[in-house]
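Hi,

Here is the structure I promised to pass on. My notes follow below it, and I hope they are handy for your own work.

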Amino acid sequence: DDRARDQRAALAEQLREAVARVSRRPAAPRASAPRDDGDPIRTLREWSARLRDPQAPSDVLRLVLAFAGRHFDRAVVFWVRDGEAQAVSHNGVEAGAVQELCVETDATPALRKLLESRAPLRSALGDPADRAFVARLGGPAPAEIFLAPIEAGEQVAALLYADNAPSGRPLPDAGAIEVMLHEAGLALDRAVLERALERAERAPQLPER
């Protein structure tokens, strides 16, 4: 409705400012992360258990990012909506590089392949569109990237991008990351369900006839 154009523009500006403030916050979760005692299985269990606690969606993604930061030099979490991937949280990447990073998934082969398969993938940057996407993160070009979906509500709600461009190290085994992302999807499902229940409880009750 063109009559609301000015109001939409004002609200959009407020939203951009709010997103910018959030993107500058530390990527660590609000609650303290589990300590690493040298036992990878025990560590993974502790992190997975942390995701089973009641969490807001933003806290779920922060915890995923903190865990990914233990394995990769750089990591970015994207929300996936309406054919676009919007960066919402990051580790090891300059804030300015991802503050307004939003890419069309269909126009980026690596992202398109990820969303079609719904399976983690490692990929060299052979396609120009993939190279352009990664170049927007700044820094040296990685030899290989890692992408993985976070599924919630029977769809890919978010995705994790990671690489080791700063150090040049080979990508690590991602088995533990995949477990965490599965737990993150379940946590997002629970958060959505809890919000729906809260709205239902607050809704006015119709009088009985």
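Among contacts in the chain (heavy atoms within 4.5 Å) with a separation of 6 or more, 58% are between residues 24 or more positions apart. Please note that this is a predicted model, where local features need pLDDT of at least 70, side-chain atom pairs count only at pLDDT 80 or more, and totals for chains, interfaces and linings use all residues. Residues are numbered from 1 along each chain as its sequence is written, and side-chain values use heavy atoms, with hydrogens and water left out.

There are seven helices and six strands, taken as DSSP runs numbered from the N terminus (helices H or I, at least four residues; strands E, at least two). Their order from the N terminus is α-α-α-β-β-α-β-α-β-α-β-β-α.

Of the 209 residues, 38% count as buried, meaning under 20% relative accessible area, while exposed means over 50% and partly exposed is in between (1.4 Å probe, protein chains only).

Leaving out residues up to four places away in sequence, F78 touches several others, including L101, F133, A157 and Y161. F78 and L160 are 82 residues apart in sequence, yet 6.5 Å apart in space, C-alpha to C-alpha.

D82, by contrast, sits in the loop between strand 1 (74-81) and strand 2 (84-91). With 81% relative accessibility, D82 counts as exposed.

Best wishes
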